[in-house]
Amino acid sequence: MRFLQADILFPILTEPIPHGILVVEDDGRINDIVHPLISEDNHRQLVGSPMLERFSGALTPGFINAHCHLELSHLKGGISGQKGLPDFLKSVTKYRQETDDRIVDAMKTADDEMQQGGIVGVGDISNRLDSLPVKRQSQLRYHTFVEVFDLHPDMADVRFEQACQVEQAFRNHGLSTSIVPHAPYTVSEKLFRKISEHALLHNGLLSIHNQETGSEDDFFMTGTGVLADFLKSTGRYDTWNPTGISSLRTCLSRLPAINRLLLVHNTFTDQLDYQWTVDHRPTTYWCLCPKANLYIENRLPDLTTLIQEESNVLVGTDSLASNDKLSLLDELRVLASAAPWLTINRLLKMVTLDAARYFGWEQELGSFEIGKTPGVNLLAYQTIASSNCFSKDTKVTRIC
Ligand SMILES: [Zn+2]
């Protein structure tokens with residue numbers, strides 16, 4: 001048994017506890033949370049005990065990275081930033097064709113980097129089987145979103161069949177998985193239908209890249225803009241017509257309303273689309289990847305609109321093709337400075353309990369509650385003030 005105390009303890013489900021003591025069993029299970037005011041005697045005894053491990057900083061549950069592309073890890077530093085999404089997609093498509101021994105090594109390094117950074121669970125987009133051996137051996141808990149895309153309806157059957165094979169291979173190794181569409185503008189209606197039927201049948205988790213670039217809505221509303229030009233240049237949009245409604249409204253009309261859905265990026269989602277989604281599709285979660293957004297579009301989503309009392313907001317690192325690190329602490333740092341009105345507990349909840357609920361991992365991960373095995377992170381900072389949780393010098397270490 002270990003007895004851990006820092007300046008402040010964040011159980012997440014309940015209010016932060018200054019000087020609270022976390023009692024953790026050898027297998028990582030939370031045995032008790034000792035509150036200095038509620039369990040006064042017990043707390044006093046433990047503080048005087050040599051068994052108490054005292055840290056400077058904050059204790060939080062292990063983090064969950066809601067959006068990553070492990071199989072793009074070898075592209076680190078290879079794609080120049082801030083040129084907009086269509087340009088980014090062109091570069092990734094080019095680099096993806098590389099076959100290289102470095103790919104597996106880069107994925108292992110990335111997996112390791114996440115563990116070092118206090119991450120215990122990951123939602124990972126995969127188009128292929130490359131990441132399977134890394135995931136099988138990893139200490140991290142993965143959910144693999146097998147991503148499928150093709151603009152041409154005639155390709156829907158083939159693409160979907162390929163995705164089913166990839167999904168089955170992950171499943172055969174006991175790994176959690178589901179089939180998801182890449183983005184509203186890269187999936188034909190027919191392919192959307194196949195994905196939706198499959199998701200309904202398997203109660204699959206859904207995820208999609210949403211409104212990542214300004215021209216995405218132009219494409220659906222009027223069929224014009226930079227993204228439309230790029231897509232038309234691929235020669236696969238000959239049967240396509242604009243829907244006259246936003247990208248998000250279009251995509252929600254093509255997906256089942258009952259499955260949990262993660263909308264990733266939302267860089268250009270406006271108040272109208274946000275409200276419509278909240279009103280019509282309560283099982284929707286919003287994933288922010290602030291550093292990737294700054295890298296690709298040099299812009300952050302409208303945080304005032306997206307982060308409401310009732311909204312489920314998660315955080316992802318995206319891939320090393322659009323980020324220099326896979327660090328949720330770094331992502332929280334950006335959010336904390338862009339949205340100073342958010343409490344530390346709310347920011348931490350995004351990378352712990354809210355993410356655990358989306359992935360269905362909340363029985364084990366996401367909060368300090370007796371019986372759970374969420375992992376324990378230490379956010380170490382020098383000055384004793386919880387406002388330093390996300391300061392420049394703060395470091396995260398997994399201590400349990
Ligand atoms: Zn992505």
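**Close-up views of a predicted model**

**View 1. Proline 181 is found in strand 11, which spans residues 176-181.** Strands here are DSSP runs of type E with at least two residues, and helices are runs of type H or I with at least four, both numbered from the N terminus. The model is predicted: local features need pLDDT of at least 70, side-chain atom pairs count only at pLDDT 80 or more, and totals for chains, interfaces and linings use all residues. Residues are numbered from 1 along each chain as its sequence is written, and side-chain values use heavy atoms, with hydrogens and water left out. Proline 181 has a relative accessibility of 1% and counts as buried (buried means under 20% relative accessible area, exposed over 50%, partly exposed in between, with a 1.4 Å probe and protein chains only). Leaving aside residues up to four places away in sequence, proline 181 touches Glu147, Val148, Val187, Phe192, Ile195, Ser207, Ile208 and Leu255; contact means heavy atoms within 4.5 Å. Aspartate 87 is 94 residues from proline 181 in sequence, and their C-alpha atoms are 20 Å apart.

**View 2. Three histidines, His67, His69 and His209, coordinate the zinc ion, each through NE2, at 2.1 to 2.2 Å.** Donors are N, O and S atoms within 2.8 Å of the metal (3.2 Å for Na, K and Ca); water is not among the atoms, so sites may look incomplete. Along the chain, the donors follow the spacing H-x1-H-x139-H. Histidine 69 lies in the loop between strand 8 (63-68) and helix 2 (85-96), and histidine 209 lies in strand 12 (residues 206-210), so this pair ties together parts that are 140 residues apart in sequence. Both histidine 69 and histidine 209 are buried.

View 3. Most residues other than glycine have a negative phi. Histidine 265 belongs to strand 13 (residues 261-265), while asparagine 266 is in the loop between strand 13 and helix 10 (271-280). The relative accessible area is 0% for histidine 265, which is buried, and 0% for asparagine 266, also buried.

**View 4. Threonine 283 sits in the loop between helix 10 and strand 14 (284-288).** Its relative accessibility is 25%, which counts as partly exposed. Apart from residues up to four places away in sequence, threonine 283 touches Ala257, Ile258, Asn259, Arg260 and Leu261. The side chain of threonine 283 reaches the backbone oxygen of alanine 257 at 3.0 Å, and a polar atom of that side chain lies 3.4 Å from the backbone oxygen of asparagine 259.

Definitions and conventions
Polar contact = N/O pair within 3.5 Å; in protein donor to acceptor, adjacent residues only side chain to side chain.
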